[in-house]
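Thank you all for coming. Today I would like to walk through one model with you, going slowly from the overall picture to a few single residues.

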Amino acid sequence: MDEREYDSARLSQWRAGVASGFSRRDLARLAVGVSAVALGVGAAPAAARADGPIVKPLPPEWFTIRGTNAEMRWEALADQGYLVPVDRFFVRNHTSTPIIDGSTWRLELFGSGLRAPASLSLRDLKRLPSTELVSAVECAGNGRSFYTGQQGQTVSGTAWTLGAIGVARWRGVRLSTVLRRAGITRDAVDVQPEGLDPNFVTGGVDLGRVRRPLPVAKALDDVLLAYEMNGEPLPPDHGYPVRVIVPGWIGIASIKWVGRIEVSATPLFSPWNTQFYRLFGPAYPAEGTLVSRQVVKSAFELPWNATLAAGRRHVLRGRSWSGNGPVRHVEVSTDGGATWRRARAVAGGAWQRWEYPWRPAAPGAYTLRARATDVTGASQPAVAEFNTQGYLFDAVVAHPVTVG
Ligand SMILES: Nc1nc2c(c(=O)[nH]1)N[C@H]1C(S)=C(S)[C@@H](COP(=O)(O)O)O[C@H]1N2
Ligand SMILES: [Mo]
């Protein structure tokens, strides 16, 4: 499947009025903030609310709070294994974590791309053949603050550093299994999961439930309806009782607290594929470019401005990852990007762990850089291409440390 073709075909159908969901007029209204938009969001069961936006404890040594979100500090992974434990996993909430009763929860499937509507309980879902998958969930805005911090550019959105990513083991049922049993038709084109969290209201406009369409080819490929994370039932903040996991794609595709899935024979639109999660800017067409797949990134398992002893051998550790598949190699520079040497690969898969021995001779200020190349040959440039909403920051990040 060619994602660019998919997007441009849908855009022309949208202009021609063939698509359903979020209209061009809605987008125009949203852009000028005139009035509330009726989105035709159906009745979904009300969910109880927690006190704050996030339920789990957020100790400051592991997390930085950013509005309704919590970013993982990279030093929180320094003494950890391959997976990110639930207690350290970042949280990205458009509003707040809903408290859902798994015994009354149902997944409703409907739309013009199904032979008939279907409804499943959690027990029904758990009776279907299950599968396990180690996959990253990463926000499209991960690294956004470096557009400003490294490139001096102004972008909108949460000022994440590099901690809006986590890798976990997810267990659940393939979305394809559920769609086939529900009778997906041959003319289905889009599949849109929708969350049970509160409606997202921004700029005085109620955008309805968090939702974003997936092309049917991806939905039938490797997408999971997950009910377990690292061997435990999904925790409330990460989507209890069931969330979508879309390997390789930006975090917004992996809808949490999924309650309804629309399967459509006509293209679907939501604010999350028309306004948000599109690349706008001088390098992009006026209608923007849809974001689906993640880019290549690297991070050191060190605090920002870490202090390291001079004249001693240190082992710098880090992780690199890409939405295109495995990382092929990682290079590290400790001299401001002048010279690069290969890091030692430790363990690969959803992300690549690596280490690099370093003996800094003289005290002073240094910047550490890591640059990964993935299986497709995609690598990390010195400068990321600007887009107004600061998505997909793939440039090499200069990590400052003090040698004392
Ligand atoms: N229903 C719902 N699903 C959602 C979101 C949300 O706010 N509501 N946030 C999305 C975004 S933007 C990201 S990056 C991931 C974050 O997943 P996590 O909080 O489990 O780390 O969830 C996605 N799924
Ligand atoms: Mo996100």
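**Confidence, domains and the spaces between them**

The protein chain has a mean pLDDT of 93, with 92% of its residues at 70 or more, where pLDDT is the predictor's confidence in each residue, from 0 to 100. One stretch needs care, since over residues 32-45 the pLDDT is below 50, although this stretch still has 22 contacts in the model beyond near neighbours in sequence; contact means heavy atoms within 4.5 Å. Where pLDDT is low, the predicted coordinates should not be read in detail.

Let me give the ground rules. This is a predicted model, in which local features need pLDDT of at least 70 and side-chain atom pairs count only at pLDDT 80 or more, while totals for chains, interfaces and linings use all residues. Residues are numbered from 1 along each chain as its sequence is written, chains are lettered from A and ligands numbered from 1 in the order in which they are written, and side-chain values use heavy atoms, with hydrogens and water left out.

The domain assignment gives domain 1 (3-290) and domain 2 (297-403), with bounds that come from an automatic or database domain assignment. The contact between them takes 40 residues from domain 1 and 32 residues from domain 2, and their centres, taken over C-alpha atoms, are separated by 28 Å.

Where does the largest pocket lie? Both domain 1 and domain 2 give residues to the lining of the largest pocket, so it lies between them. The space in this pocket is about 610 Å³, and of its 30 lining residues, Arg4, Leu279, Thr289, Leu290 and Leu392 are the closest to the centre. For the terms, work is on a 1 Å grid over the protein atoms alone: a pocket is an open set of points with protein on both sides within 12 Å along at least five of seven lines, a cavity is a set of points where a 1.4 Å probe fits but cannot get out, and lining residues have an atom within 4 Å of a point. Grid points are joined across faces, edges and corners, and a volume is the space filled by probe spheres set on the points.

Helix 1 (3-15) gives the most to the lining of the largest pocket, with five residues; helices (H or I, at least four residues) and strands (E, at least two) are DSSP runs, numbered from the N terminus. By class, this lining has 14 nonpolar, eight polar and eight charged residues, where Ala, Val, Leu, Ile, Met, Phe, Trp, Tyr, Cys and Pro count as nonpolar, Asp, Glu, Lys and Arg as charged, and the others, Gly among them, as polar.

Thr289 lies in strand 18 (residues 289-290), and at 14% relative accessibility Thr289 counts as buried; buried means under 20% relative accessible area, exposed over 50%, and partly exposed in between (1.4 Å probe, protein chains only). Among the residues that Thr289 touches, not counting those up to four places away in sequence, are Arg4, Asp7 and Tyr277. Tyr277 itself is buried, with a relative accessible area of 6%, and has a positive phi of about 60° although it is not a glycine.

The largest cavity has a volume of about 260 Å³, and of its 20 lining residues Arg92, Arg243, Gly251, Ser254 and Lys256 lie nearest the centre. The second largest cavity has about 90 Å³ of space, and Tyr6, Asp7, Pro213, Asn273 and Leu290 are the closest to its centre among 13 lining residues.

Is Val244 buried or exposed? Val244, placed in strand 15 (residues 243-245), counts as buried at 0% relative accessibility, and the residues that Val244 touches include Ser254 and Val258. Val244 and Val258 are 14 residues apart in sequence and 7.1 Å apart in space, C-alpha to C-alpha.

Two backbone details remain. The peptide bond from Tyr240 to Pro241 is cis, with omega near 5°, and Pro241 is found in the loop between strand 14 (232-233) and strand 15. Asn305 has a phi near 60°, a positive value in a residue other than glycine, and is partly exposed, with a relative accessible area of 47%.
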